[in-house]
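Here's a quick briefing on the chain shown below. Have the model open while you read.

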Amino acid sequence: MNTIVLSDGGSVDLNDASSGILIAGNATSSGITVTLNLISGLAAGWQATIVQIGTGAGITISCNSLGGQSINGGASVTLSTQYNAVTLLCIDGSAFVAIGI
C-alpha cells in the first residue's frame, strides 16, 4: 500500500492510479485538500483511505467538478476531528461511498 503524509496546508489530487492509497493528513490550522480527479467510467472497487492525524483544521475531500462524481450524494466530505478516517469506495464509476463518515 502506498502512503502519503501531508502537512498542514497541503493538497493532493487522486487519480485512477491512486487506488489503494493511504493518506495521513496532519491538518492543524490551514487544513488539507484532497481532490478526486478521476475519469468517468472508473471501475467499481477503486478505493483510498484518508486519516486526519492533526488537531485543529480539517481535511476536505472533494470531487473534480468536471467529472460528475459524487461522494455520498454530495460534492465533498470533511474530516474535522483528530483520528477521523474515511475509506472512499467507487461503486459505479461516478459515485463514491465514504465509509467511516
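Residues 24 or more positions apart supply 56% of the contacts in the protein chain that have a separation of 6 or more, where contact means heavy atoms within 4.5 Å. Keep in mind that this is a predicted model: local features need pLDDT of at least 70, side-chain atom pairs count only at pLDDT 80 or more, and totals for chains, interfaces and linings use all residues. Residues are numbered from 1 along each chain as its sequence is written, and side-chain values use heavy atoms, with hydrogens and water left out.

**Overall build**

- The protein chain has 10 strands and zero helices; helices (H or I, at least four residues) and strands (E, at least two) are DSSP runs, numbered from the N terminus.
- Reading along the sequence gives the pattern β-β-β-β-β-β-β-β-β-β.
- The protein chain's radius of gyration is 12 Å, close to the 13 Å from the globule rule for 101 residues, so it is as compact as a globular protein of that length. That radius is taken over C-alpha atoms, and the rule is 2.2 Å times the number of residues to the power 0.38.
- Along its principal axes, the C-alpha trace of the protein chain spans about 35 × 25 × 20 Å.
- Of the 101 residues in the protein chain, 41% are buried. Buried means under 20% relative accessible area, exposed over 50%, and partly exposed in between (1.4 Å probe, protein chains only).
- The protein chain's accessible surface comes to about 4800 Å², and 50% of that belongs to carbon and sulfur atoms. Accessible areas come from the Shrake-Rupley method with a 1.4 Å probe; for residues, only the protein chains shown count as cover.

**The four-stranded sheet**

- Four strands make up an open sheet in the order S2-S4-S6-S8, with mixed pairing; two strands pair if DSSP finds at least two bridges between them.
- Its edge strands are S2 (11–14) and S8, each of which pairs on one side only.
- From one strand to the next, the twist averages 15°. Axes here are lines fitted to C-alpha atoms (for helices, over the stretch in contact), and angles run from 0 to 180 degrees between N-to-C directions.
- S2 and S4 run parallel and are joined by four bridges. Val12 has Val34 as its bridge partner in S4.

**Two residues of S4**

- Ile32 sits in strand S4 and counts as buried because its relative accessibility is 2%.
- Look at what surrounds Ile32: not counting residues up to four places away in sequence, it touches Leu6, Ser7, Asp8, Gly9, Gly10, Gly25, Asn26, Ala27, Gly58, Ile59 and Thr60.
- Ile32 and Ser11 are 21 residues apart along the chain, yet their C-alpha atoms are separated by 5.6 Å.
- Thr35 is also in S4 (residues 32–36), and its 15% relative accessibility makes it count as buried.
- Leaving aside neighbours within four places in sequence, Thr35 is in contact with Val12, Asp13, Leu14, Ser62, Cys63 and Asn64.

**The aromatic pair**

- There's one aromatic pair in the structure; rings of Phe, Tyr and Trp (its six-membered ring) pair if their centres lie within 6.5 Å, with planes under 30 degrees apart counted as stacked, over 60 as edge-to-face and the rest as tilted.
- The ring centres of Trp46 and Phe96 are 5.7 Å apart and their planes are at 85°, so this pair is edge-to-face.
- Trp46 is in the loop between S4 and strand S5 (47–52), while Phe96 is in strand S10 (residues 95–99), so the pair ties together parts that are 50 residues apart in sequence.
- Trp46 and Phe96 are both buried.

**Loops worth a look**

- Asn72 has a phi near 50°, a positive value in a residue other than glycine.
- You'll find Asn72 in the loop between strand S7 (70–71) and strand S8 (76–79), and its relative accessibility of 45% makes it partly exposed.
- Gly73 is in the loop between S7 and S8 too, and counts as exposed at a relative accessible area of 69%.
- Tyr83 isn't a glycine, but has a positive phi of about 75°.
- The loop between S8 and strand S9 (85–90) holds Tyr83, which is exposed with a relative accessible area of 61%.
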